[in-house]
Amino acid sequence: KELRKSIELNGVKDPVLTRINPKGGLEILSGQRRHMIAREFNYPVPAIIQKIDDNDAMILVADSNLHRPHISTYDLSRTLRNKMTAMKRKAGRKKRGVPGADELQSDAMLAKEMGISTSRLNRIIRLSEATKAVCDAVDDNSLELSIASDLSFLSPEHQNAVIDLVGLNLKPTVKRVQRNAEIWTIRRCGRFWRTKIFSRSSHLSRRSPRRRSQTHRFRLRQW
């Protein structure tokens, strides 16, 4: 709202960064929001045109998103993934087919730039495979980052099933997610038994593997 009000009163003062699009015209790399708001008021937009390759363009777009005042976990995970990909591609060009020191340390370099640990960075990037519902649960603190990262290895259907259980005040843990990943069969097992299996996973874990398997098959037959 502040940006919109400022542009309405003063127009666009800072130029947007662009490059020549191979398909014609200009591609905006930084300043998309300023450009969109200025178009609504039919204001001119100053632009800087630079010769930038695809990898540098990805990094510039990512940096532009990372400097936003508020960015959701969903957008953050995908922005960091794109920047990491571009950084590794740039480092890889120095030695064809042979990972260089820069490429091997790209995650450490990006983590240092973000001011977080490498493990936390990798967990956030892993959330680029998570559904929006999982990422939103991280934003509202109803799901821990470590658990959400493990959930991202499940299918989107299974991920959303866990979010449904969180809505029933069932607290998932990393061990429970990993333990139930193989036994949750959404098409065969209804929501009632998914809830039972999830909430009683600690109790089931104390039984022998054979007993747990028999118990699960009995529940499916009974359902």
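1. Accessible areas come from the Shrake-Rupley method with a 1.4 Å probe, and for residues only the protein chains shown count as cover. On that basis, the protein chain has an accessible surface of about 14,200 Å², and 50% of this surface belongs to carbon and sulfur atoms.

2. The structure is a predicted model, in which local features need pLDDT of at least 70 and side-chain atom pairs count only at pLDDT 80 or more, while totals for chains, interfaces and linings use all residues. Residues are numbered from 1 along each chain as its sequence is written, and side-chain values use heavy atoms, with hydrogens and water left out.

3. The protein chain holds 14 helices and 3 strands. These elements are DSSP runs numbered from the N terminus (helices: H or I, at least four residues; strands: E, at least two). Of the 223 residues in the protein chain, 36% are buried; buried denotes under 20% relative accessible area, exposed over 50%, and partly exposed the range in between (1.4 Å probe, protein chains only). Among contacts (heavy atoms within 4.5 Å) between residues at least 6 apart in sequence, 58% join residues at least 24 apart.

4. Helix 1 (residues 2-10) packs against helix 2 (residues 32-40) at an angle of about 50°, the axes lying 10 Å apart. Axes are lines fitted to C-alpha atoms, for helices over the stretch in contact, and angles run from 0 to 180 degrees between N-to-C directions. The two helices, helix 1 and helix 2, are therefore oblique to each other; angles under 35 degrees count as roughly parallel, over 145 as roughly antiparallel, 65 to 115 as roughly perpendicular and the rest as oblique.

5. From helix 1, Leu 3, Arg 4 and Ile 7 meet Arg 33, Arg 34, Ile 37, Ala 38 and Glu 40 of helix 2. By class, this contact of helix 1 with helix 2 comprises 4 nonpolar, no polar and 4 charged residues. Ala, Val, Leu, Ile, Met, Phe, Trp, Tyr, Cys and Pro count as nonpolar, Asp, Glu, Lys and Arg as charged, and the others, Gly among them, as polar.

6. Helix 6 (residues 106-114) and helix 7 pack at about 95°, with axes 9 Å apart. That makes helix 6 roughly perpendicular to helix 7. Asp 107, Ala 108, Leu 110 and Ala 111 in helix 6 meet Thr 118, Leu 121 and Asn 122 in helix 7, a contact with 4 nonpolar, 2 polar and 1 charged residues.

7. Thr 131 lies in the loop between helix 7 (118-126) and helix 8 (132-139). Thr 131 is buried, its relative accessible area being 13%. Leaving aside residues up to four places away in sequence, Thr 131 touches Pro 156, Gln 159 and Asn 160.
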